[in-house]
Amino acid sequence: MSTVRNNNHQDPLPGQRLLHRYDAVGGIGSGSVSDVYLARQPSVGNRNVAVKILKKVICTSDTAEASVHRSRFNAEAELMSMLRDGCFARVLDVGVIQDDVARPFVVMEYLAGVTMEEHLKAGQKFPAGAGIRLFLAIAEGVCELHHYKVVYRDLSPRNVILEEGGPYGMVPRLFDFSHSTHMGVEELQAEGTKAQLLAGTPPYAAPELALGQGDERSDVFSLAGVFYALISGTQPLELHSNTWADYITALSTLKSLPDRSLRDRGH
């Protein structure tokens with residue numbers, strides 16, 4: 001979350017003041033459902049905050065899938081406002097911006113750091129002790145989610161920001177709850193046929209997530225995969241392109257366990 005795209009000539013949000021107290025600066029990242037911006041709050045020492053806002057196409061679409069994404073966005077904001085564990089970014093504000101269409105947004109604590117995925121891709125392995133401490137901190141956060149009967153469904157190194165600080169020099173922070181749900185399966189009724197929204201990140205996803213199913217045990221499976229990556233420096237299952245198609249092929253050949261044990265990798 002360290003790169004800012006300043007596309008003022010293309011994007012109307014940078015330069016605007018949101019809720020009379022947050023000045024939008026530029027883009028941080030973009031997904032298929034929402035965009036995230038860096039903003040500053042002058043009244044509190046010009047501190048950095050992150051603003052997550054739904055894309056216009058999601059706000060205007062009348063498809064069942066877009067409706068689910070809008071519901072998830074609101075549920076995500078409500079969930080994050082309840083969480084108290086230091087593993088999560090705090091919600092500071094919510095609002096709606098009129099930009100040809102009403103688009104809801106959430107103002108969150110800005111997480112300064114790199115993702116665990118970026119850290120591992122850079123070849124920066126974690127010593128066993130540090131890896132275990134990071135894992136335990138993430139596990140505590142997942143436990144709090146399960147306390148609220150919430151299934152995260154997309155636990156992987158790409159959704160963990162590593163911030164400097166804490167007694168051990170690094171603090172893991174979970175973000176992006178767009179796939180979280182109180183139900184194991186979300187079924188959509190579209191044109192008389194049932195469709196399911198897949199959630200999860202191959203190769204960390206539990207097998208049942210490939211079928212659009214899952215519950216708290218799916219998070220435990222993914223948590224084990226994150227632990228494997230923390231200790232070994234590699235993902236638990238090597239795939240050609242880390243796509244759902246490759247993952248489902250691996251499952252069909254009964255290749256659902258790590259390619260190599262931690263002992264084989266020298267741990």
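**Exercise 1. Find what the buried residues of helix 4 pack against.**

Solution. Start with the element itself. Helix 4 covers residues 128-147, 20 residues in all. Helices here are DSSP runs of H or I with at least four residues, strands are runs of E with at least two, and both are numbered from the N terminus. The model is predicted: local features need pLDDT of at least 70, side-chain atom pairs count only at pLDDT 80 or more, and totals for chains, interfaces and linings use all residues. Residues are numbered from 1 along each chain as its sequence is written, and side-chain values use heavy atoms, with hydrogens and water left out.

Next, list the covered positions. Buried means under 20% relative accessible area, exposed means over 50%, and partly exposed is in between (1.4 Å probe, protein chains only). In helix 4 the buried residues are G131, L134, F135, I138, A139, G141, V142, E144, L145 and H146.

Now look for their partners. Contact means heavy atoms within 4.5 Å. The buried residues of helix 4 pack against helix 2 (64-82), helix 3 (116-121) and helix 5 (216-232), and also against strand 8 and strand 9.

**Exercise 2. Compare the span of helix 4 with the expected value, then inspect the residue that follows.**

Solution. The expected span is 1.5 Å times one less than the number of residues. For helix 4 that expectation is 28 Å. From first C-alpha to last, helix 4 reaches 28 Å, close to the expected value. Then step past the end. K149 follows helix 4 and has a positive phi, near 60 degrees.

**Exercise 3. Trace the strand pairing around strand 3.**

Solution. Two strands pair if DSSP finds at least two bridges between them. Take strand 2 (residues 22-30) first. Strand 2 pairs with strand 3 in the antiparallel sense, over 6 bridges. G26 stands opposite L38 of strand 3. A hairpin of 3 residues joins strand 2 to strand 3.

Go on to strand 4. Strand 3 and strand 4 are antiparallel too, with 8 bridges. V36 has K52 in strand 4 as its bridge partner. The hairpin between strand 3 and strand 4 has 5 residues, and G45 in its turn shows a positive phi of about 65 degrees.

**Exercise 4. Where does K56 lie, and what does K56 touch?**

Solution. K56 lies in helix 1. Leaving out residues up to four places away in sequence, K56 touches D99, D100, V101 and R103. With D100, the side chain of K56 forms a salt bridge of 3.3 Å, N to O. D100 sits in the loop between strand 5 (91-98) and strand 6 (102-109), so this pair ties together parts 44 residues apart in sequence. K56 is partly exposed at 33%; D100 is exposed at 77%.

**Exercise 5. Classify the Y152 and F177 ring pair.**

Solution. Rings of Phe, Tyr and Trp (its six-membered ring) pair if their centres lie within 6.5 Å; planes under 30 degrees apart are stacked, over 60 edge-to-face, and the rest tilted. The count is 4 aromatic pairs. The ring centres of Y152 and F177 are 5.3 Å apart and the planes stand at 90 degrees, so the pair is edge-to-face. Y152 is buried at 1% relative accessible area. F177 is buried at 1%. F88, Y152 and F177 form one aromatic cluster.

Note on methods: A salt bridge is a side-chain nitrogen of Lys or Arg within 4 Å of a carboxyl oxygen of Asp or Glu.
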